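Subject: Structure handover

Hello,

Please find the structure below, for your own files. My notes on it follow.

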Amino acid sequence: MNAPERWYLIEVLRGMGVSLRHLVRNIFHQDEMPTLQYPEEKRILPERFRGRHRLMKREDGTPRCTACFCCQTACPADCISIEAGEREDGGEKVAVRFDINILRCVFCGFCVEACPCDAIRMDTGKYELADDRREKLIYDIDFLLNR
Amino acid sequence: MSGGVETVRFTLNGVEREAPKGMLLIDAARLHGVDIPRYCSHPGLKPEGNCRMCVVEIEKMPKLQTSCTTPVQEGMVVHTESERVLEERRRVMEFLLVNHPIDCPICDQAGECMLQEYYMRHDLQPSRVELEEKIHKPKRVDLGPLVVLDAERCVLCSRCVRFCRDVAGVEELAIKNRGGHAEITAFPGRRLENPYSGNVIDICPVGALTSRDFRFKVRVWFLKTAESVCPGCERGCSIHIEQYQNEVQRIRPRENLRVNRYWICDFGRLDYRWINENRLLSAEGPSGRLRPEEADREAARLLREAKAPLLVASPRMSNESLFALRLFREKALPEARIAGGSFREPWEGDAILKRPDRNPNRRGMETLGLAGGPEEALRAGPDLVLVIENDLLGDRPEAKELLTGKKVIVLASNRDATASAAGLRVPVATYAETEGSWTNFEGITQTFHPVLRPVGDSRSVAEALAGIAAALGADLGPVDAGTLRAAVLREAPQLDPARGREEDGRVG
Ligand code: SF4
Ligand code: SF4
Ligand code: SF4
Ligand code: SF4
Ligand code: FES
């Protein structure tokens, strides 16, 4: 450290100078500003952006998920928990509980890759996932199927 | 190869090998680490040779041969991985998969399915059959109290049919129809309900027979397994206990040619819910819950005040716990009387596995000198009884007067009838949470290993006894299973789990 740097006030002033320079520049070149007027204005996302998960339905409206647990197995964050049950309308298996703890999710998309039934997707484009209670951030099967 | 067994020399994939005379080729190959794929052949069943998966090339024989029905001969030259064999396996696979549904995400066998495994190893070809052309068969047939059949997934290996006929000794299953329409069925008016029916689930090489009890509960790759012993009866069948999230999910037989071969009875298969449910989680006295040290002090106080205390050992305790109980009396409570025995009424045994006595360690208890009928000892008028892993009131409610008027301390894993009635109950771990050994009626000692974390405050019986002894001012020394077993063996070498193991070399 040299002598002027030791006087932090000088450094503070220098930093404020940088800010001032940007401010003046932005005032005169508003169109080049990198910020968005969120939430009025939103960024256009690439098609393959991994947003919030959803569970798919078959044509007859039943869930596609057969509770094979492949997504839970693949998930590196251990945030999916499933419970399988017997299906009443035929010989098959169905998920009776399907929770994603989005607080733990790292949005890697492995669950989507792992699913053999194309039952889980992350194509909703939704990324505004904040909420005011932790419990609301554990998405259950109804939420994932219908929203 | 020694000990008077006649051997033959043969050539396996270019290497000269030896095998006992008369051994089937498929087993002789496995002896030398060559795994020939199979569906219909099972070491516990008579060979039949219907799936053709195990074909091998034998020089000087024009056609490929099924290795599961061909005994090894002197001078045979066998190829198990030649191009011709591999091509044939691919064809057999394709044939078996013609009508097989693409069910792996639903099927419980996924992860331990021989079709999946061999497909990955040998086939890896797309199907030439259109999905719509597949022949459909019933998907959820109620075959018996334990077993659900999915006829579409069956590869018609007939293992289940042969098991019922040859091992369980009943004609309950058969194959009906011909060709692509063949399917497993129970005989008209019958069900698969022999007391060993659950074994067909284990031996079915695909997911056609699934367990009603385990169906859809957990994927098998999440399970953690430990070698254990069935506590159901005096036979002490070798088992695997499988757990997920610290709960037992499934029990499967473990191969042990000296005890249970490849099988267990249905009672033993389902005898696990008590490990998961209704457990005693903390010590409880008249004034409510106690911490472990408080319980030890309370037990010590009661034992010290008693004039004629009686310690009741149980043939459900391990050899190690029984030894710890003897140490406890010797060092901490020399004036106490000690008696051993079970309150459990016998059931009817059978000629296959089940034995009348429903306790896994009567022989060990007797060998350690702890037999002697707890009922007479209870009648002799003790004023305090310490009961360990024994449920008098649950097993024999009519014997209730034996405990009336006495102070009762129990060391129990579950909140059973006796524990609920006791003045002081101390939680102990089950056999699934501890290490120990039991000696069966034939004198074969087997060890069990922990697969679960002990629930709540429960400790092993030996640790609980050591805790109470310490509160009484006595030191039992180290009470881990290894130390106790060494002490047991010094006194009773016939209780060594290693004894006789070398006899057939494949048991544990
Ligand atoms: S995106 Fe990744 S972390 Fe999130 S649920 Fe799927 S697999 Fe788990
Ligand atoms: S991988 Fe797909 S089908 Fe399997 S449990 Fe997950 S969402 Fe359901
Ligand atoms: S149900 Fe299983 S064991 Fe029985 S014949 Fe079919 S595949 Fe073999
Ligand atoms: S025969 Fe006895 S030891 Fe074997 S599984 Fe049945 S109850 Fe358990
Ligand atoms: S295993 Fe040999 S024919 Fe089936």
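This is a predicted model: local features need pLDDT of at least 70, side-chain atom pairs count only at pLDDT 80 or more; totals for chains, interfaces and linings use all residues.

**Ligand surroundings**

Residues are numbered from 1 along each chain as its sequence is written, chains are lettered from A and ligands numbered from 1 in the order in which they are written, and side-chain values use heavy atoms, with hydrogens and water left out.

The shells of ligands 1 and 2 have no charged residues. Around ligand 2 there are 14 residues, and the closest are Cys65(A), Cys68(A), Phe69(A), Cys71(A) and Cys115(A); the shell divides into 13 nonpolar and one polar. Ligand 1 also has 14 residues around it, of which Cys75(A), Cys105(A), Cys108(A), Gly109(A) and Cys111(A) come nearest. Its shell has twelve nonpolar and two polar residues.

**Rings and charges**

Over all chains, a search of the whole structure gives 13 aromatic pairs. Rings of Phe, Tyr and Trp (its six-membered ring) pair if their centres lie within 6.5 Å; planes under 30 degrees apart count as stacked, over 60 as edge-to-face and the rest as tilted. Phe267(B) and Trp347(B) form an edge-to-face pair, because their ring centres are 4.8 Å apart and their planes are at 85 degrees. That pair links distant parts of the chain, 80 residues apart: Phe267(B) is in helix α6 (residues 266-270) of chain B, and Trp347(B) is in the loop between β17 (337-340) and α10 (362-367) of chain B. Helices (H or I, at least four residues) and strands (E, at least two) are DSSP runs, numbered from the N terminus.

Phe267(B) is partly exposed at a relative accessible area of 30%, while Trp347(B) is buried at 19%. The cut-offs are under 20% relative accessible area for buried and over 50% for exposed, with partly exposed in between (1.4 Å probe, protein chains only).

Trp438(B) and Phe448(B) make a tilted pair, since their centres are 4.5 Å apart and their planes at 50 degrees. Trp438(B) belongs to strand β21 (residues 436-439) of chain B and Phe448(B) to strand β22 (residues 445-448) of chain B, ten residues apart. Both Trp438(B) and Phe448(B) are buried. Ring pairs also join Phe69(A), Trp221(B), Phe222(B) and Tyr244(B) into a cluster.

The charged end of Lys354(B) sits over the ring of Trp347(B), 5.0 Å from its centre. Arg355(B) lies over the face of Phe441(B), at 3.8 Å from the ring centre. The criterion is NZ of Lys or CZ of Arg within 6 Å of the ring centre and within 35 degrees of the ring normal.

**Chain B**

Chain B has 15 helices and 22 strands. Its C-alpha trace spans about 85 × 55 × 35 Å along its principal axes, and 57% of its 508 residues count as buried. Among contacts (heavy atoms within 4.5 Å) in chain B between residues at least 6 apart in sequence, 67% join residues at least 24 apart.

Leu368(B) is in the loop between α10 and α11 (374-379) of chain B and is buried, at 2% relative accessibility. Not counting residues up to four places away in sequence, Leu368(B) touches Asn319(B), Leu322(B), Phe323(B), Arg326(B), Val488(B), Glu491(B) and Leu495(B).

**Backbone in chain A**

Tyr38(A) and Pro39(A) are joined by a cis peptide bond, with omega about 0 degrees. Pro39(A) is placed in the loop between α2 (8-28) and β1 (54-55) of chain A. Ala67(A), not a glycine, has a positive phi of about 55 degrees, and at 0% relative accessibility Ala67(A) is buried.

Regards

Terms used
A residue is near a molecule or strand if one of its heavy atoms lies within 4 Å of it. Ala, Val, Leu, Ile, Met, Phe, Trp, Tyr, Cys and Pro count as nonpolar, Asp, Glu, Lys and Arg as charged, and the others, Gly among them, as polar.
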